[in-house]
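The following exercises ask the reader to work through a protein structure step by step. Each task is followed by a worked solution.

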Amino acid sequence: MRIGELAGATGTTARALRHYEQAGLISSERASNGYRVYEEQAVVRVRNIRYLLSAGLTLDDVRVFLPCLDGDVAAAPPSDNGLRVARDRLAVLNERIAAQTDARDRLAAALRQHARATGSEA
């Protein structure tokens, strides 16, 4: 299947597929006309990549899951390495959320202080 067909079958873009390929997560052959051609199994692999990305993992994180990307990654028992990557990513996400929450709270406090000082709405 060509890149546009794979993009349509997986709900992604051709640009994302080229990015996944550059990252070594999927592969293609080149047709005589130079177009990328993917095997049908690439649909499962791309859906699994998108599933892991939607869970907050990065493309680098997804590489750890290469051995199971062609199956049901959501149902497969996680490896110790996969669990480590997931825990590390969760810690990063929690730190980012905490930093954003602190920034929001500071901004809200500044707006409340301004409203009190000027008698306007916050």
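**Exercise 1.** Leaving aside its neighbours within four places in sequence, which residues is threonine 12 in contact with?

*Solution.* The model is a predicted one.

Step 1. Locate the residue: threonine 12 sits in the loop between helix 1 (3–10) and helix 2 (14–22).

Step 2. Set aside the neighbours within four places in sequence; the contacts of threonine 12 are then Ala7, Leu17, Tyr20, Val46 and Arg50.

Step 3. Judge the burial. Buried means under 20% relative accessible area. Threonine 12 has a relative accessible area of 13%, and is therefore buried.

**Exercise 2.** Determine whether threonine 10 is buried or exposed, and list its contacts beyond four places in sequence.

*Solution.* Step 1. Threonine 10 belongs to helix 1.

Step 1. Its relative accessible area is 9%, so threonine 10 is buried.

Step 2. With neighbours within four places in sequence left aside, threonine 10 is in contact with Val43, Val46, Arg47 and Arg50.

**Exercise 3.** Identify the buried residues of helix 1 and explain how they are arranged around the helix axis.

*Solution.* Step 1. The buried residues of helix 1 are Ile3, Leu6, Ala7 and Thr10.

Step 1. Viewed down the axis of helix 1, these buried residues fall within an arc of 100°, so they line one face of the helix.

Step 2. Recall the geometry: an α-helix has 3.6 residues a turn, so residues three or four places apart point the same way.

Step 3. Find the partners: the buried residues of helix 1 pack against helix 2, strand 2 (36–37) and helix 3.

**Exercise 4.** Describe the buried side of helix 2 and the face turned away from it.

*Solution.* Step 1. In helix 2, the buried residues are Ala16, Leu17 and Tyr20.

Step 1. Seen down the axis of helix 2, they fall within an arc of 100° and therefore line one face of the helix.

Step 2. On the face turned away from the buried side, helix 2 carries the exposed residues Arg15 and Gln22.

Step 3. The cover over the buried residues of helix 2 includes helix 1, helix 3 (42–54) and helix 4 (59–62).

Step 4. After helix 2 comes glycine 24, with a positive phi near 85°.

**Exercise 5.** How many salt bridges does a search of the whole structure find? Examine some of them, with the accessibility of each partner.

*Solution.* Step 1. The search finds six salt bridges.

Step 1. One of the salt bridges joins aspartate 60 to arginine 63, with the closest N and O atoms 2.3 Å apart. Aspartate 60 counts as exposed because its relative accessibility is 53%, and arginine 63 counts as partly exposed at 35%.

Step 2. Arginine 84 and aspartate 88 also form a salt bridge, at 3.3 Å from N to O. Both residues lie in helix 5 (residues 80–118), four residues apart, about one turn of the helix. Arginine 84 is partly exposed, with a relative accessible area of 41%, and aspartate 88 is likewise partly exposed, at 42%.

Step 3. A further salt bridge is that of arginine 104 and aspartate 105, at 3.0 Å from N to O. Arginine 104 is exposed, at 52% relative accessible area, whereas aspartate 105 is partly exposed, at 38%.

**Exercise 6.** What is the volume of the largest pocket, and which residues are closest to its centre? Then examine the second largest pocket in terms of its lining.

*Solution.* Step 1. The volume of the largest pocket is about 410 Å³.

Step 1. This pocket is lined by 21 residues, of which Leu52, Phe65, Pro78, Gly82 and Ala86 are the closest to its centre.

Step 2. Helix 3 and helix 5 each supply at least two residues of this lining. Helix 5 gives the most, with seven residues.

Step 3. By class, the lining of the largest pocket comprises 17 nonpolar, two polar and two charged residues.

Step 4. The second largest pocket holds about 180 Å³ of space. Its lining includes Ile26, Ser27, Tyr38, Arg45 and Asp70.

Step 5. The lining of the second largest pocket divides into four nonpolar, three polar and four charged residues.

How values were computed. Residues are numbered from 1 along each chain as its sequence is written. This is a predicted model: local features need pLDDT of at least 70, side-chain atom pairs count only at pLDDT 80 or more; totals for chains, interfaces and linings use all residues. Side-chain values use heavy atoms; hydrogens and water are left out. Buried means under 20% relative accessible area, exposed over 50%, partly exposed in between (1.4 Å probe, protein chains only). Contact means heavy atoms within 4.5 Å. The arc is that of the directions from the helix axis to the C-beta atoms. A salt bridge is a side-chain nitrogen of Lys or Arg within 4 Å of a carboxyl oxygen of Asp or Glu. On a 1 Å grid over the protein atoms alone, a cavity is a set of points where a 1.4 Å probe fits but cannot get out, and a pocket is an open set with protein on both sides within 12 Å along at least five of seven lines; lining residues have an atom within 4 Å of a point. Grid points are joined across faces, edges and corners, and a volume is the space filled by probe spheres set on the points. Ala, Val, Leu, Ile, Met, Phe, Trp, Tyr, Cys and Pro count as nonpolar, Asp, Glu, Lys and Arg as charged, and the others, Gly among them, as polar.
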